[in-house]
Amino acid sequence: MDLLSELDAVLSQRRHADPSTSYVASLHSKGLNKILEKLGEECTETLIAAKDAERSGDTSDLVHETADLWFHSLVMLAHLGLSSQQVIAELARRFAISGLVEKAARKTSDTTSP
């Protein structure tokens with residue numbers, strides 16, 4: 001089992017844990033808006049860490065903040081009944097497609113949607 005699958009399993013188990021003893025359960029108990037608020041906070045911290053890393057050359061905070069961002073993204077997915085494996089499958093689907101081609105295809109489908 002890979003790390004992301006293990007995290008999926010833990011996040012699924014902790015969703016129904018006691019919110020007073022589990023950080024993940026406390027996020028789930030507060031609902032999607034709280035999870036999204038935390039995800040936005042982690043995104044901002046990651047952006048700041050990237051700018052700081054570019055200036056200083058020290059990437060340790062960037063790695064730490066990116067881990068927080070990924071973790072909270074996984075919490076969001078779990079809250080919505082999704083898993084990291086679904087994201088991995090989407091990345092795999094896109095892997096053989098040029099990013100420019102994939103982006104153009106999305107734009108085309110966006111303009112043809114009702």
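Colleague: How many nonpolar, polar and charged residues are in the lining of the largest pocket?
Modeller: This is a predicted model. In it, the largest pocket is lined by L4, L69, W70, S73, L74, L77, S84, V87, I88 and L91. Sorted by class, that lining comes to 8 nonpolar, 2 polar and no charged residues.

Colleague: Which element gives the most to the lining of the largest pocket?
Modeller: Two elements give two or more residues to the lining of this pocket, which has a volume of about 250 Å³: α4 (60–79) and α5 (84–95). The one that gives the most, with 5 residues, is α4.

Colleague: At what angle do helix α1 and α5 pack?
Modeller: Two packed helices are described by the angle between their axes and the distance between the axes. On the α1 side, L4, S5 and D8 take part in the contact, and they meet S84, Q85 and I88 in α5. By class, the residues of this contact are 2 nonpolar, 3 polar and 1 charged. For α1 (residues 3–14) and α5, the axes are 9 Å apart and the angle is about 145°.

Colleague: How far does helix α3 reach from its first C-alpha to its last?
Modeller: Helix α3 covers residues 32–56, which is 25 residues. At 1.5 Å a residue, 36 Å is expected, and the model comes close to that with 35 Å.

Colleague: Which residues in α3 are buried?
Modeller: Buried here means under 20% relative accessible area. What covers such residues of α3 includes α2 (23–30) and α4. The buried residues are I35, K38, L39, E42, T46, A49 and A53.

Colleague: Which residue follows α3, and what is its phi?
Modeller: The residue after α3 is G57. Its phi is positive, near 85°.

Terms used: Residues are numbered from 1 along each chain as its sequence is written. This is a predicted model: local features need pLDDT of at least 70, side-chain atom pairs count only at pLDDT 80 or more; totals for chains, interfaces and linings use all residues. Side-chain values use heavy atoms; hydrogens and water are left out. On a 1 Å grid over the protein atoms alone, a cavity is a set of points where a 1.4 Å probe fits but cannot get out, and a pocket is an open set with protein on both sides within 12 Å along at least five of seven lines; lining residues have an atom within 4 Å of a point. Grid points are joined across faces, edges and corners, and a volume is the space filled by probe spheres set on the points. Helices (H or I, at least four residues) and strands (E, at least two) are DSSP runs, numbered from the N terminus. Ala, Val, Leu, Ile, Met, Phe, Trp, Tyr, Cys and Pro count as nonpolar, Asp, Glu, Lys and Arg as charged, and the others, Gly among them, as polar. The expected span of a helix is 1.5 Å times one less than its number of residues. Buried means under 20% relative accessible area, exposed over 50%, partly exposed in between (1.4 Å probe, protein chains only). Contact means heavy atoms within 4.5 Å. Axes are lines fitted to C-alpha atoms, for helices over the stretch in contact, and angles run from 0 to 180 degrees between N-to-C directions.
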